[in-house]
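Hi,

Here is the structure I promised to pass on. Have a look at it first, and my notes follow below.

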Amino acid sequence: QVQLVESGGGLVQPGGSLRISCAGSGFTFSTYAMAWSRRAPGKERELVASISNSGVFTKYADSVKGRFTISRDNAKKTVYLQMNSLKPEDTAVYYCNIQPTNYWGQGTQVTVSS
């Protein structure tokens with residue numbers, strides 16, 4: 001069955017960097033666009049970044065543009081989110097999903113705090 005497993009979350013200081021990963025299985029990874037979203041406590045889920053199946057096209061929310069980079073390795077069936085210059089307001093559970101489906105991973109917690 002379809003599985004998405006996120007990893008790499010943790011606690012980081014403001015201004016720091018973190019890379020989270022999402023490994024996919026049970027579907028033809030290279031044929032689907034992928035996306036990262038996040039949900040902060042008390043807030044709606046926010047689409048953070050998306051990437052085309054080939055990796056050529058990417059799109060970012062204004063709130064992370066210039067700080068986050070989405071990428072993928074189709075041979076490893078993995079999508080990444082490199083997060084730089086992290087801010088406390090980036091604290092959230094980060095989820096990957098297959099676009100445009102309703103398959104989601106379990107999420108990984110990212111906490112930005114000193």
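A49 has Y60 in β6 as its bridge partner. That pair belongs to the contact between β5 (residues 46-51) and β6, which run antiparallel and are joined by 3 bridges. Strands here are DSSP runs of E with at least two residues, numbered from the N terminus, and two strands pair if DSSP finds at least two bridges between them.

Before going on, some background: this is a predicted model, where local features need pLDDT of at least 70 and side-chain atom pairs count only at pLDDT 80 or more, while totals for chains, interfaces and linings use all residues. Residues are numbered from 1 along each chain as its sequence is written, and side-chain values use heavy atoms, with hydrogens and water left out.

Back to the sheet. It is open, with 6 strands in the order β2-β10-β9-β4-β5-β6 and mixed pairing. β2 (10-12) and β6 (58-60) are at the edges with a single partner strand each, so one side of each has no neighbour in the sheet.

Next, the disulfide (a pair of cysteine sulfur atoms within 2.5 Å). The count comes to 1, and the bond joins C22 to C96 with an S to S distance of 1.9 Å. C22 sits in strand β3 (residues 18-25) and C96 in strand β9 (residues 92-99), so the bond ties together parts that are 74 residues apart in sequence. The torsion about the S-S bond is about 45°, so this disulfide is right-handed. C22 is buried at 0% relative accessibility, and C96 is buried with a relative accessible area of 0%; buried means under 20% relative accessible area, with a 1.4 Å probe and protein chains only.

What about the core? A nonpolar core is a set of buried Ala, Val, Leu, Ile, Met, Phe, Trp, Tyr and Cys residues joined through side-chain atoms within 4.5 Å. The largest one has 27 residues, and W36, F68, V79, L81, M83 and Y94 touch the most other members. β9 gives the most to this core, with 4 residues. Leaving out residues up to four places away in sequence, Y94 touches residues including I20, W36, V48 and F68, where contact means heavy atoms within 4.5 Å.

Last, T91, in the loop between β8 (78-83) and β9. A polar atom of the T91 side chain lies 2.9 Å from the backbone oxygen of P88, and the T91 side chain also reaches the backbone nitrogen of V112 at 2.9 Å.

Cheers

Terms used: Buried < 20%, exposed > 50% of the residue type's maximum accessible area, 1.4 Å probe, protein only. Polar contact = N/O pair within 3.5 Å; in protein donor to acceptor, adjacent residues only side chain to side chain.
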